[in-house]
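Hi everyone, thanks for making time.

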Amino acid sequence: AILHRTAKPSAASARTKQQSGGSARPPRAITTHSTRRPLREALIGEAPSERQPQQLKMSAPPVAARSAYSYFTSDMHARLAAIADMPTRMKRIASAWSALDAAGRAPYESKAAADRKRFQDESAARDAEALAAQEARRAAA
């Protein structure tokens, strides 16, 4: 078997560690965006304050549509609030969903269909807004 030995620190590394305040390596220089700015200004030929914004702000994306099972789960969580153990509660909810027939699932399916329609409408409106903003930028250019 090969035994790994740790190397003893040399006197030079101990001195470096002692001089630098505890770390064995000297501190590295930190570069930030501000150090690159003069080079960027020289290449582009304009100051940062003269730059135009790159993009227009878009509205937030629509909230995703919920499934029928999601509506059923939130309804059952309210009914089974007495069960504190979450894994047990989720197992009961899943088994109750599996046991539901089509008539029992119908109210949750209708809520999910309405939410899916809402999501599609909001997505279409956001897409139209993005297209209009894109066309406005093209016309301005």
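Predicted model: local features only at pLDDT ≥ 70, side-chain atom pairs only at ≥ 80, totals over all residues.

**A first walk through the helices**

Let's start with the overall picture. How much of the protein counts as buried? Of its 141 residues, 11% do. The protein exposes about 11,600 Å², and carbon and sulfur atoms supply 57% of that. As for contacts between residues at least 6 apart in sequence, 59% of them join residues at least 24 apart.

Now let's zoom in on helix α3, residues 68–79. With 12 residues at 1.5 Å each, α3 should span 16 Å, and its end C-alpha atoms are 17 Å apart, so that agrees. Its buried residues are Ala68, Tyr71, Phe72, Thr73 and Met76. And what do those pack against? They pack against α4, residues 86–99, and α5, residues 102–140.

On to α4. Here 14 residues should span 20 Å, and the end C-alpha atoms are 20 Å apart, so again the numbers agree. The buried residues of α4 are Arg89, Ile93 and Trp97. They cover an arc of only 70° around the axis, so they sit on the same side of α4. If you're wondering about that spacing, an α-helix has 3.6 residues a turn, so residues three or four places apart point the same way. Turn to the face of α4 away from its buried side, and you find the exposed residues Lys91, Ser98 and Ala99. The buried residues of α4, meanwhile, pack against α3 and α5.

So let's look at the core. The largest nonpolar core has 10 residues in all: Ala68, Tyr71, Phe72, Met76, Leu80, Ile83, Ile93, Trp97, Tyr108 and Ala112. Each of α3, α4 and α5 supplies at least two residues of this core. Which helix gives the most to it? That's α3, with four residues. As a bit of background, in soluble globular proteins nonpolar side chains tend to be buried together.

Last stop, phenylalanine 72. Setting aside its neighbours within four places in sequence, Phe72 is in contact with Ile93, Ala96, Trp97, Leu100 and Tyr108. Of those partners, Ile93, Trp97 and Tyr108 are also listed in the core.

That's the tour, and I'm happy to go back to any part of it.

Key:
Residues numbered from 1 in each chain as written. Heavy atoms only, no water. Buried < 20%, exposed > 50% of the residue type's maximum accessible area, 1.4 Å probe, protein only. Contact = heavy atoms within 4.5 Å. Areas by Shrake-Rupley, 256 points an atom, 1.4 Å probe, with all protein chains shown as cover. Expected span 1.5 Å × (residues − 1). Arc of directions from axis to C-beta. Core = buried A, V, L, I, M, F, W, Y, C linked by side-chain atoms within 4.5 Å.
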